[in-house]
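Please look through the structure shown here before reading on.

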Amino acid sequence: MTTTVTALAQDIGLARETDYFLMKDQLTEDELGLLYRVRQFAEAEVLPVVNLYWERGEFPFELVPKLGALNIVGDTMAGYGTTPMSAVGAGLLTYELSRVDGSIATFFGVHVGLAMQSVYLLGSEEQRQRWLPPMARLEKIGAFALTEPDHGSDAVILEATARRDGSEWVINGRKRWPGNAVWCDVIVVFARDTDDGQVKAFVVEKDNPGYAASKIEGKVSLRMVQNADITLTNCRVSEDARLQNCNSFADVAKVLKGTRNTVAWASAGHGVAAYDIALNYAQRRTQFGRPIAKNQMIQSMLVEMLGEVTAMQLYCIRLGRLIDDGKMNDTRAALAKYFCSVKALHVCRLARDILGGNGILLDFHVMRHLCDTESLVTYEGTAEIQALIVGRDITGQGAFT
Ligand SMILES: Cc1cc2nc3c(=O)[nH]c(=O)nc-3n(C[C@H](O)[C@H](O)[C@H](O)COP(=O)(O)OP(=O)(O)OC[C@H]3O[C@@H](n4cnc5c(N)ncnc54)[C@H](O)[C@@H]3O)c2cc1C
């Protein structure tokens, strides 16, 4: 049978929903409902346009109100216009978005998991009331500026400064990489108080004098997400823009703990997508007069991928339940992020091999998943840093320096 490349690409794009160890049996009705709502949106609205936007490196702004209409902004927050959901539900949401596209999942993760959670976890009641409701409706979009040009893995020693001047703060410094920051409405900026030397958090509005953001060009991963280089030059904000419960880097870590779980779920989404595409392709592509799926080596690769995908799914569902039971800690989050991001990258690599030359074409999606997964291994703390966090826990020996 001869199949055109276009027909083959359309065919392999169909969802398979691999769930070999019956993860879905463990979900509540609400969680299943959320999963299917997001899946329907991602497949109907995101999938048809994603490769076009990814190739152009542009963000699909028209999807934001549609995403808002889904009422899926909740994460582990309660109140302030958010939608109640379990941690497993929040994870599934990321999983489903990532299964179709990592940029949309990252846009959403930065807005909800980093920007909104910073306000929720570190802000006063008044600050939560002020910022969270419009953000929950996706009317105001947020970003999160921790990383600096000279401080990524060691963000704990960030250099941006905040000097108190009467009822105001004057912020100076540079930030690098924040997603959404080129066009967001508000951005949570972390800077060191020149008085007590501790890290404080400030909500900066996009048109605040002294704040400037420029797009990082030439990015070949998560191309739709607009990451920025930021300069803060005598950027003045009032005391009521300082998140009142952020008093040191330990408070920043409370926000980061949650996002490591999100990256684990995102990795599982990319992994299962790549596996499904590879399996569909292997069953349709014929070489030497038979489907390539009939080759032992291809089957061995597929089984290896299935094993890793299943492990990621089981990690994630357990991770979500631990959060819901209040038993999650930093090192478990670090191990899950480490394992799932590294394995997702490996699964995407194998999928790309199985697709041969077609594997590098956007039409077949796996190359996009592979490129996007590269960022997952790095952001929210690199795989090496997660390994060091877990290594310190199990050996009692810190190896960071
Ligand atoms: C797509 C993308 C989106 C991002 N979004 C945001 C965002 O929204 N907001 C934000 O604040 N930041 C964001 N970041 C920044 C991200 O968190 C950092 O890239 C990450 O923390 C790593 O820092 P770095 O890139 O400076 O790498 P470096 O810290 O320079 O690390 C380089 C290499 O050295 C290794 N390394 C460093 N120290 C050690 C050590 N002690 N032992 C062993 N190995 C070590 C690292 O693991 C890595 O392999 C984003 C990054 C990317 C790529």
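This is a predicted model: local features need pLDDT of at least 70, side-chain atom pairs count only at pLDDT 80 or more; totals for chains, interfaces and linings use all residues.

Residues are numbered from 1 along each chain as its sequence is written, and side-chain values use heavy atoms, leaving out hydrogens and water.

A search of the whole structure finds 27 salt bridges (a side-chain nitrogen of Lys or Arg within 4 Å of a carboxyl oxygen of Asp or Glu). One of them joins arginine 39 and glutamate 17, at 2.7 Å from N to O. Arginine 39 is buried, at 6% relative accessibility, whereas glutamate 17 is partly exposed at 32% (buried means under 20% relative accessible area, exposed over 50%, partly exposed in between, with a 1.4 Å probe and protein chains only). Both residues belong to a network of salt bridges that links Glu17, Asp19, Lys24, Arg39, Glu43, Glu96 and Arg99.

Another salt bridge pairs glutamate 139 with arginine 137, at 3.0 Å from N to O. Here glutamate 139 is exposed, at 52% relative accessibility, and arginine 137 is partly exposed, at 47%.

Glycine 74 has 0% relative accessibility and is therefore buried. Leaving aside residues up to four places away in sequence, glycine 74 touches Thr82, Thr83 and Met85 (contact means heavy atoms within 4.5 Å).

Finally, the crossing of α9 and α10 is left-handed (the near helix is turned anticlockwise from the far one by less than a right angle; clockwise would be right-handed). Helices are DSSP runs of H or I with at least four residues, numbered from the N terminus.

Terms used:
Helices (H or I, at least four residues) and strands (E, at least two) are DSSP runs, numbered from the N terminus.
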